[in-house]
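This report goes through one structure from single residues to the whole chain. Please keep the sequence and the 3D view open while reading.

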Amino acid sequence: MIRSLLKIAALLIAGILVYNYFFGTDEEQENSRKVFGQIRGVVSSVGQLVQSEKDKFDAGKYDAALDKLGGVYKAIRTQARHVDEKVIKRLDELEGRKAELEQELNEIEASDQQAASAPKSKKKDAKAEQAKAADQNRRKEALFRELESLVRDSDSLLQDAGN
């Protein structure tokens, strides 16, 4: 119900803006131009943000973070004889999560490489390609959120191990 009301409100606002842009007074036309200019700026900023994150992903940002976590886990394990058994169990669990994230990262990278090397398809397959690209972006976002969670949990483990 609320979603429908929001859609109707968005369409109504868009309709008013378009009407004012073409048929409004000089002041209304100027306001519509400003709004469209601001919308263009927001879309451009979002596009730049997505491109920046994609570049970071392609440059191995997540690989480096996972490698650093691996080094931290190794250091904790070497000091394990001085640490509580509960910490060791948490460390094992975190290392398992790290391995799962690495596997997911490898799958995403393989899929990206496959998509990049595949020949461009015809118009009817464009929607399928867009859906695949959207799915890849969702997978990357989920991977990033999981990586952030893993880093927070690892930090908590380090604090617990230090005490």
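A residue counts as buried when its relative accessible area is under 20%, as exposed when that area is over 50%, and as partly exposed in between. The model described here is a predicted one.

**Asparagine 20 and its surroundings**

Asparagine 20 sits in helix 1. Its relative accessible area is 15%, so asparagine 20 is buried. Leaving out residues up to four places away in sequence, asparagine 20 touches Glu28, Gln29 and Ser32.

Tyrosine 21 is also found in helix 1. At 30% relative accessibility, tyrosine 21 is partly exposed. Beyond its neighbours within four places in sequence, tyrosine 21 is in contact with Gln29, Ser32, Arg33 and Phe36. Tyrosine 21 and asparagine 31 are 10 residues apart in sequence, and their C-alpha atoms are 8.1 Å apart in space.

Phenylalanine 22 belongs to helix 1, which covers residues 2-23. With a relative accessible area of 51%, phenylalanine 22 is exposed. Which residues make up the nonpolar patch on the surface? The patch is formed by Val18, Tyr19, Tyr21, Phe22 and Phe23, and together they have about 550 Å² of accessible area.

**Overall organisation**

The protein has 5 helices and 0 strands, and its pattern along the sequence reads α-α-α-α-α. Of its 163 residues, 18% count as buried. The accessible surface of the protein comes to about 12200 Å², and carbon and sulfur atoms account for 57% of this surface. Among contacts with a separation of 6 or more, 70% are between residues 24 or more positions apart.

**The nonpolar core**

The largest nonpolar core has 15 residues. Those with the most contacts inside this core are Tyr73, Leu101, Leu147, Leu150 and Leu157. At least two core residues come from each of helix 3 (61-78), helix 4 (85-117) and helix 5 (126-162). Helix 4 supplies the largest share, 6 residues.

What does leucine 101 contact, apart from its neighbours within four places in sequence? The contacts of leucine 101 are Leu66, Leu143, Glu146, Leu147 and Leu150. Two of these contacts, Leu147 and Leu150, are also listed with leucine 101 among the residues with the most contacts inside the core.

**Salt bridges**

A search of the whole structure finds 7 salt bridges. The table gives some of them.

| Side-chain pair | N to O distance |
|---|---|
| Arginine 97 and glutamate 93 | 3.6 Å |
| Arginine 139 and glutamate 104 | 2.9 Å |
| Glutamate 107 and arginine 139 | 3.5 Å |

Arginine 97 and glutamate 93 form a salt bridge at 3.6 Å, N to O. The two residues are 4 residues apart in helix 4, so about one helical turn separates them. Arginine 97 is buried, with a relative accessible area of 17%, whereas glutamate 93 is partly exposed at 40% relative accessibility. Glu93 and Arg97 are also linked with Asp153 in a network of salt bridges.

The side chains of arginine 139 and glutamate 104 meet at 2.9 Å, N to O. Arginine 139 lies in helix 5 and glutamate 104 in helix 4, so this pair ties together parts that are 35 residues apart in sequence. Is each partner buried, exposed or in between? Arginine 139 is partly exposed, with a relative accessible area of 23%, and glutamate 104 is partly exposed, with a relative accessible area of 25%.

Arginine 139 also forms a salt bridge with glutamate 107, at 3.5 Å, N to O. Glutamate 107 is partly exposed, at 38% relative accessibility.

Terms used
Residues are numbered from 1 along each chain as its sequence is written. This is a predicted model: local features need pLDDT of at least 70, side-chain atom pairs count only at pLDDT 80 or more; totals for chains, interfaces and linings use all residues. Side-chain values use heavy atoms; hydrogens and water are left out. A nonpolar core is a set of buried Ala, Val, Leu, Ile, Met, Phe, Trp, Tyr and Cys residues joined through side-chain atoms within 4.5 Å. Buried means under 20% relative accessible area, exposed over 50%, partly exposed in between (1.4 Å probe, protein chains only). Contact means heavy atoms within 4.5 Å. A salt bridge is a side-chain nitrogen of Lys or Arg within 4 Å of a carboxyl oxygen of Asp or Glu. Patches are made of residues with over 30% relative accessible area and no salt bridge: like charges are joined within 9 Å, nonpolar side chains (Val, Leu, Ile, Met, Phe, Trp, Tyr) within 5 Å. Accessible areas come from the Shrake-Rupley method with a 1.4 Å probe; for residues, only the protein chains shown count as cover.
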